[in-house]
Structures are given as structure tokens and as C-alpha cells.
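This report describes one protein chain for a reader who has not seen it before.

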Amino acid sequence: MLDKGAVEKRFGYHPRCRNMGLTHLCFADDIMVFSAGSAHSLEGVLAIFKDFAAFSGLNISLEKSTLFMASISSETCASILARFPFDSGSLPVRYLGLPLMTKRMTLADCLPLLEKIRSRISSWKNRFLSYAGRLQLLNSVISSLTNFSISAFRLPRACIREIEQISAAFLWSGTDLNPHKAKVAWHDVCKPKSEGGLGLRSLVDVNKICCFKLIWRLVSAKHSLWVNWIQNNLIRTGSFWSVKANTTLGSWMWKKLLKYRHEAKEFFKMEVFCGRQTSFWYDHWCSLGQLHGLLGDRGFIDLGISSSCSVAEALSSHRRRSHRDDILNDIEEELEISTQFK
């Protein structure tokens, strides 16, 4: 009903959601609606909620709802809040257990996670636990508590250090959490058992791997709503690998992902197929690796292939030339081989 209402102009799209036709996100009994910041749009959304209640018998609790407004004049905000029964909210705020924010995550933003870990350890106070038992709890329960946050954000180093200190104190001293009883350095404890460690996972490494997974989704999961939003608003006509690292667009987490590209690109290789979705310069599609990494911006001129060109466009329009530089001749050879298998 919300999607249909936006198409029928009962309310306006949020400016960043118009190209995707995005009006809302749902999870269980929570709904987050995106609309233009006007009284007309709010009236349209509330009218749709009223129609939905007539059909289903389920009414939206407006008193428990919160309105977040941005890039709207203070007079308009005051007028809207006086007219509609919503509380006014501002970022940062927690949603589904994760903080929604525009600025860099700090240790203070991680305090709920740290308190949850301490609370879980305190609940084991009356149980007799051996070293092996404490190790098992760290490997399963405490790791599970951190996985949810780590899979979405790059946690601050101070937060990771705090979690590791709590884990080390629990392993060696139990629920007393005495940090002075540690017998082995934590980085040695986190080594695989084959290397003399206890097989616990290093949070620094796990956090980096989760960032790599987000990058993998960006370059492979074409039908993901999150990926489509990133493509429309941040990447646009280019490639993830070609976005400038000093961009002012996007959240702090987006900028962290851009910084991980130089490490992540070593693990990514494209399967070309027709080549329309494969960047000629920035994707690893041939045996030579990422071509922009080999030639830099000079390659655009030397080969006569633009920076935004796909492999399919290069195969259909490029004519082979002879070059003095061997690497350019190797690229020409790769193009000719790919043309034969097209």
C-alpha cells in the first residue's frame, strides 16, 4: 500500500529513495517509513495507515512512533510536530540493536555491547567452571554476542581491546575478572591449536573479514536492497574500486570499506560471462590482475579505453594496436583471447 501510494503521489518519496522507489523497511512488528519532509506527505502516509487498519484491524501506535527530520527548516519542523502526534527524534539512535549514526563510532557507542558481555559473564558467577569450560563459553556465547555488531560495523580499536581484556580476565580468573592472572599473551591464545594457541578467534581479524564480506556483497550481490542503495547514491555510474577514497559522501563505515579496498582486491576475481557487468579497468577479470593497478590512469590513454568502459564494450569496440611496452601488448593479447571465447 505504501509503494502504491507513492506511485499515486499520495505522499512524496524521500529524495535519496526516489530512484529506487523505496518507501519503507520492515522487521517483525517494526516499520520505518521514508518520505518527503512535508505535511502533505505525512498526511498521505497516515491515510494509508488508516486504510490498512480498516482492512486488517491493526492500528499503528502513533504515540510510540518517532519522527526523524533532516534538511528541513526549524519553522517547518515545529509546524509538523504541532500538527501530528509524533515524538521528535535525532541521531544517533539504536534500531534492531545497532546504532544508526552519521559520525564515527566511538567507545561510548559500544557500551551496550560491553555491558551485555559483562552481564552474561556475571550470570555464570555461581557455576564452577574449569579452564576448558570458560574457554568453551568464550568460543561460543561471547563470540556470538559480538558477531552481530562486527558483521555490520568496524568496531573501534578501544572497544575490541576492552572485549579482549574482559575475555582474557574471564579465561584466567573466572568471574572475578582479575586482569593480573593472565598466564599467556592474548594474541598467542588466539592462535590456532596447531600453532600452540587455544583456537579462539582474534576480534581484529574477524572484524576485518566481516568488512571484506561487506565488500564482497557490494561487488557480487546485485539484487540486494543495500547494494542497490549504495550503487545509486554513492557509486553511481562508476565502480566500487574506482570511487575516490577522500570522498565526502557516505557514512563513516562506507569510508572504512573504501580504505580496505587495497587489501580486499587481492581476494576478488570476476567471472566475466557477457562482460556487461564487469569493469575493464577496476575488476580482476583476466590473468594479469586488476589492470588499473598495473597501469594507473596512464593506461586510459595508452590503450584508448575509457575509465568507465566495461569488458563487453572493450571487446566490441577496441582495435588491436602494437605497443613498445610489453605489458600493453600482453593486455592486447588478453583482449584477443577473450574475443575468441565471447
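## The second largest pocket

Helix H9 gives the largest share of the lining of the second largest pocket, 5 residues. H9 covers residues 225–235, and both H8 and H9 supply at least two residues of this lining. Helices (H or I, at least four residues) and strands (E, at least two) are DSSP runs, numbered from the N terminus. The pocket has a volume of about 610 Å³. It is lined by 28 residues, and Gln231, Thr237, Gly238, Ser239 and Ser279 are the closest to its centre. By class, the lining has 11 nonpolar, 12 polar and 5 charged residues. Ala, Val, Leu, Ile, Met, Phe, Trp, Tyr, Cys and Pro count as nonpolar, Asp, Glu, Lys and Arg as charged, and the others, Gly among them, as polar.

Pockets and cavities are found on a 1 Å grid over the protein atoms alone: a cavity is a set of points where a 1.4 Å probe fits but cannot get out, a pocket is an open set with protein on both sides within 12 Å along at least five of seven lines, and lining residues have an atom within 4 Å of a point. Grid points are joined across faces, edges and corners, and a volume is the space filled by probe spheres set on the points.

## Model and confidence

This is a predicted model, in which local features need pLDDT of at least 70 and side-chain atom pairs count only at pLDDT 80 or more, while totals for chains, interfaces and linings use all residues. Residues are numbered from 1 along each chain as its sequence is written, and side-chain values use heavy atoms, with hydrogens and water left out.

The average pLDDT (the predictor's confidence in each residue, from 0 to 100) is 88 for the chain, and 99% of the residues score at least 70.

## Cavities

The whole structure holds 2 cavities of 30 Å³ or more. The largest cavity has a volume of about 140 Å³. Its lining has 13 residues, with Ser143, Ser167, Trp186, Arg201 and Leu203 nearest the centre. Helix H5 (131–150), H6 and helix H8 (203–220) each give two or more residues to this lining, and H5 gives the most, with 5 residues. The lining has 7 nonpolar, 4 polar and 2 charged residues.

The second largest cavity has a volume of about 70 Å³. Residues including Arg94, Asp109, Leu113, Ser149 and Phe153 line this cavity. Its lining is made up of 7 nonpolar, 1 polar and 2 charged residues.

## Helices H4 and H6

The axes of helix H4 (residues 111–122) and helix H6 (residues 157–173) come within 11 Å and cross at roughly 5°. H4 is therefore roughly parallel to H6. Axes are lines fitted to C-alpha atoms, for helices over the stretch in contact, and angles run from 0 to 180 degrees between N-to-C directions. Angles under 35 degrees count as roughly parallel, over 145 as roughly antiparallel, 65 to 115 as roughly perpendicular and the rest as oblique.

Leu113, Leu114, Ile117, Arg118 and Ile121 in H4 meet Cys159, Glu162, Ile163, Ile166 and Phe170 in H6, where contact means heavy atoms within 4.5 Å. The residues of this contact comprise 8 nonpolar, no polar and 2 charged.

## Backbone details

Leu91 and Pro92 are joined by a cis peptide bond, with omega about 0°. Pro92 lies in the loop between strand S4 (87–89) and strand S5 (93–95).
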